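Subject: Structure handover

Hello,

Here is the structure I said I would pass on. My notes follow below it.

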Amino acid sequence: MTFSLVARCEETGMCGTAVASSSPAVAARCSYTRSGVGAVSSQNVTDPSLGVLTLNLLEKGLSATEAIDQIKNTANHLDYRQILVIDSKGRVAIHSGNNSLGIWSEAKGVNVLSAGNLLANSEVPSAIVEKFENTSGHLGERLITSLQGGLKAGGEAGPIHSAGMKISHKVSWPLVDLRCDWSENCPIKKLSEVWKVYKPLVDDYLQRALDPTKAPSYGVPGNK
């Protein structure tokens, strides 16, 4: 019921993930990132604990492939899971269980990995990877554009209702964490609209957290 990607910006080192689904609030259960560590999408019949577990393994120094191998040796019910991983060096690995739903497939590229289940066709992840590799700019822009590419290629077999994007960089909390948890219209379009509003403020919000004495004006009534 999901298509997603995990990716890394080679220029900045940012890592992030973007996801869309027919289920509500998909990013709340599927998207995981950690600064200097990597990004994970844990999907299909979702086990959110696998996202945290995978990031913990990466933080211990395991590569994406080593982390997936360890999870295969220790986690339960993996026949029902899809786990996409990218580490801080841009290396990718994936596990797609045999009980992944409907048409499911996966595709790897340079600093990017995509997969999905209950897809309209098996080419959706390849379209997502191709779009990512041929889009420039901020990682957030590339993630959303890639989701749009997947949707244009067919997306899910049915309508999607939620989407989200999460990016980590420099600090312990997500630098970007944007979601459309439910919409009868296209949630990727709504996510794109939120990103256009949020993008100019990303650095300002970071500065306010790190040193509010050097932060720009908040732009609210009463602020001088």
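Buried here means under 20% relative accessible area, exposed means over 50%, and partly exposed lies in between (1.4 Å probe, protein chains only). Helices (H or I, at least four residues) and strands (E, at least two) are DSSP runs, numbered from the N terminus. Contact, here and below, means heavy atoms within 4.5 Å.

Before the rest, some ground rules. This is a predicted model, in which local features need pLDDT of at least 70 and side-chain atom pairs count only at pLDDT 80 or more, while totals for chains, interfaces and linings use all residues. Residues are numbered from 1 along each chain as its sequence is written, and side-chain values use heavy atoms, with hydrogens and water left out.

The chain overall

The chain has seven helices and 10 strands. Its radius of gyration (taken over C-alpha atoms) is 17 Å, close to the 17 Å that the globule rule gives for 224 residues, so the chain is as compact as a globular protein of that length. That rule is 2.2 Å times the number of residues to the power 0.38. Along the principal axes, the C-alpha atoms fill a box of roughly 60 × 40 × 30 Å.

Of the 224 residues, 50% count as buried. The accessible surface of the chain comes to about 10,300 Å², and 50% of that belongs to carbon and sulfur atoms. Accessible areas come from the Shrake-Rupley method with a 1.4 Å probe, and for residues only the protein chains shown count as cover. Among contacts in the chain with a separation of 6 or more, 53% are between residues 24 or more positions apart.

On charge, the mean positions of the 22 positive and 21 negative charges are 5 Å apart. Lys and Arg count as positive and Asp and Glu as negative, with His and the chain ends not counted. Each charge is placed at NZ of Lys, CZ of Arg, CG of Asp or CD of Glu.

The cores

A nonpolar core is a set of buried Ala, Val, Leu, Ile, Met, Phe, Trp, Tyr and Cys residues joined through side-chain atoms within 4.5 Å. The largest one has 31 residues, of which F3, L5, L139, L143, M165 and V176 touch the most other members. Elements that each supply at least two residues of this core include strand 1 (2–8), strand 2 (15–21), helix 4 (124–133), helix 5 (139–152), strand 9 (162–168), strand 10 (176–180), helix 6 (187–198) and helix 7 (202–210). Another core, of 15 residues, lies apart from it, with Y32, L50, A64 and I71 among its members. In soluble globular proteins, nonpolar side chains tend to be buried together.

Individual residues

P125 sits in helix 4 and is buried, with a relative accessible area of 1%. Leaving aside neighbours within four places in sequence, P125 is in contact with S105, E106, A107, S114, A115, G116 and L119.

G149 belongs to helix 5 and counts as buried at 11% relative accessibility. G149 touches A127 and K131, not counting residues up to four places away in sequence.

I160 lies in the loop between helix 5 and strand 9 and is buried at 8% relative accessibility. Beyond four places in sequence, the contacts of I160 are F3, A20, S21, S22, L151, S183, N185, P187 and I188.

R29, in helix 1 (residues 26–30), is partly exposed, with a relative accessible area of 30%. Apart from neighbours within four places in sequence, R29 is in contact with S23, P24, S42, T46 and P48. R29 and S42 are 13 residues apart in sequence and 7.7 Å apart in space, C-alpha to C-alpha.

Two residues other than glycine have a positive phi: N111, near 65 degrees, and K170, about 75 degrees. N111 is in the loop between strand 7 and strand 8 and is buried, with a relative accessible area of 9%. K170 is in the loop between strand 9 and strand 10 and is exposed, at 63%.

Regards
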